[in-house]
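Colleague: I am new to this one. Could you walk me through the pocket and the ligand?

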Amino acid sequence: MAERTLCIIKPDAVKKNVQGSIIQKILDSGFKMKGMRMAQLSEREAGLFYEIHRERPFYKELVSFMTSGPVVVIALEKENAVADYRTLIGATDPAEAAEGTIRKLFASSKGENAVHGSDSVENGMNEVAFFFRESELA
Ligand code: CMP
């Protein structure tokens, strides 16, 4: 099976109506969309999803932001998906993101940074499974 990674188009990007442009950039970069849906995350869901950051000072702010409006969750597949998607989205902080990356184009801060990306191959599999049953993936 090709590698998987999870994209979440975050509430800031959905509010700005740039989800179409973000999806087009992902498709143009050779990713296959295996699953996609809109979601309004509950505090419990967002808290669980970002469990690894629970002790970080920004955790509460992160959960509050991620539940502040609808998101788009997308299961992506490609050879080398995790690393290639991270290159495509750019650094967490848009001020440090490379020109042409999704965060450089659409993010406004470290918190409101337009998209989420899985940070390891193992987390890519687990995060896709967090949002999608295997039977929901095309
Ligand atoms: P994401 O790829 O979704 O993974 C964890 C998120 O935590 C990250 O993107 C940022 O949105 C958020 N984050 C990381 N560092 C900070 C910070 N210093 N302040 C606020 N949010 C942060």
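Modeller: Happy to! On a 1 Å grid over the protein atoms alone, a pocket is an open set of points where a 1.4 Å probe fits, with protein on both sides within 12 Å along at least five of seven lines; lining residues have an atom within 4 Å of a point. This is a predicted model, where local features need pLDDT of at least 70, side-chain atom pairs count only at pLDDT 80 or more, and totals for chains, interfaces and linings use all residues. Residues are numbered from 1 along each chain as its sequence is written, and side-chain values use heavy atoms, with hydrogens and water left out.

Colleague: How many residues line the largest pocket?

Modeller: Tyr50, His53, Phe58, Leu62 and Thr92 lie nearest its centre.

Colleague: Where does the ligand sit?

Modeller: A molecule sits in a pocket if more than half of its atoms lie within 2 Å of the pocket's grid points. By that test, the ligand's place is the largest pocket.

Colleague: Which residue has a backbone N or O atom 2.9 Å from an oxygen atom of the ligand?

Modeller: A polar contact is a pair of N or O atoms within 3.5 Å. The side chain of Arg103 has an N or O atom 3.1 Å from a ligand oxygen, and a polar backbone atom of Gly111 is 3.4 Å from one. The backbone atom at 2.9 Å belongs to Lys110.

Terms used:
A polar contact is a pair of N or O atoms within 3.5 Å; within protein, one must be able to donate a hydrogen and the other to accept it, and residues adjacent in sequence count only if both atoms are side-chain atoms.
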